[in-house]
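Hi,

Here is the structure I promised to pass on, with the sequence alongside.

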Amino acid sequence: MSHVLSEVLDQLDRSIDGDSVSVEQILEALGERSFASLLLIFPLIAVSPASAVPGVTAGVAVIVFLLVGQMILGRKYVWLPSFVRRRCISSAALRKGTGWLRKPVAFVERGLKSRLTFLVHRPWLYVPLCLILLLSMFMPFMELIPTSGSIASAIIALFAAGLLTRDGAVVLVSLLLLSVLPMLFWQVATNG
């Protein structure tokens with residue numbers, strides 16, 4: 001059983017110092033080469049109780065867009081503009097969020113294993129990355145529909161979990177969910 005996801009949460013917990021934590025501190029804790037870890041953590045923040053803070057989903061969307069864009073372009077190191085690196089979240093909200101995520105992450109880790117690994121490499125990797133890039137453009141608007149940003153973030157985190165553990169089956173499930181998500185939101189928006 002892989003504990004990669006719990007290890008990422010542990011690294012995030014170690015970055016918490018003071019009243020607030022900046023994106024810069026999270027980058028330093030997880031490493032500037034760890035696109036998959038960063039792509040896991042920021043959407044998980046938007047799934048956790050920390051997402052109740054207005055603007056969190058929009059902020060996560062910007063970060064996801066920049067990370068995925070760089071992954072598509074094949075960059076080796078993460079670059080984020082200084083205005084994004086300076087954004088902060090309260091330490092209390094982040095601690096509450098990582099604490100809340102421990103049980104779901106432990107549950108998900110039980111099913112993760114290396115399989116269908118060709119799906120976590122180029123050219124197959126471009127399909128979910130492009131869908132996530134498109135999704136991230138709509139995420140700021142999802143703050144208007146309760147829980148929709150959290151659902152989108154959960155799917156992105158699922159993809160990142162598959163990428164981190166080289167689990168192509170999980171990447172495939174996230175790809176299917178990414179494909180269905182626009183139709184689901186359309187149904188909610190037009191019938192709601």
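This is a predicted model: local features need pLDDT of at least 70, side-chain atom pairs count only at pLDDT 80 or more; totals for chains, interfaces and linings use all residues.

Asp-13 and Arg-102 form a salt bridge, with 2.5 Å between the closest N and O atoms. (The rule I used: a side-chain nitrogen of Lys or Arg within 4 Å of a carboxyl oxygen of Asp or Glu.) The two partners sit in distant parts of the chain, Asp-13 in helix α1 (residues 4–15) and Arg-102 in helix α6 (residues 91–109), 89 residues apart. Helices here are DSSP runs of H or I with at least four residues, numbered from the N terminus.

Residues are numbered from 1 along each chain as its sequence is written, and side-chain values use heavy atoms, with hydrogens and water left out.

Back to that pair. Asp-13 is partly exposed at a relative accessible area of 28%, and Arg-102 also counts as partly exposed, at 25%. For those labels, buried is under 20% relative accessible area, exposed is over 50%, and partly exposed is in between (1.4 Å probe, protein chains only). Asp-10 comes into the picture too: Asp-10, Asp-13 and Arg-102 are linked in a network of salt bridges.

By the rule above, the count comes to four salt bridges. Another of them joins Arg-85 and Glu-24, whose closest N and O atoms are 3.0 Å apart. This pair also links distant parts of the chain, since Arg-85 is in helix α5 (residues 82–85) and Glu-24 in helix α2, 61 residues apart. Arg-85 is buried at 14% relative accessibility, whereas Glu-24 is partly exposed at 25%.

Then there is Arg-115 with Asp-167, at 2.7 Å between the closest N and O atoms. Asp-167 is buried, with 0% relative accessibility, while Arg-115 is partly exposed at 29%.

**Helix packing**

I also looked at two helix pairs. Axes are lines fitted to C-alpha atoms, for helices over the stretch in contact, and angles run from 0 to 180 degrees between N-to-C directions.

How do α7 and α8 cross? Their axes come within 11 Å, at an angle of roughly 155°. That makes them roughly antiparallel (over 145 degrees; under 35 is roughly parallel, 65 to 115 roughly perpendicular, and the rest oblique). The crossing of α7 past α8 is left-handed, meaning that the near helix is turned anticlockwise from the far one by less than a right angle; clockwise would be right-handed. Pro-128, Leu-129, Ile-132 and Leu-135 of α7 meet Ala-152, Ile-156 and Phe-159 of α8, with contact taken as heavy atoms within 4.5 Å. The contact residues divide into seven nonpolar, no polar and no charged.

Helices α2 (residues 23–30) and α3 (residues 35–47) have axes 10 Å apart and pack at about 140°, and are therefore oblique to each other. Here the crossing is right-handed. On the α2 side the contact uses Val-23, Ile-26, Leu-27 and Leu-30, and on the α3 side Ser-37, Leu-38, Ile-41, Phe-42 and Ile-45. Those residues split into eight nonpolar, one polar and no charged. (Ala, Val, Leu, Ile, Met, Phe, Trp, Tyr, Cys and Pro count as nonpolar, Asp, Glu, Lys and Arg as charged, and the others, Gly among them, as polar.)

Cheers

Technical notes. Helices (H or I, at least four residues) and strands (E, at least two) are DSSP runs, numbered from the N terminus.
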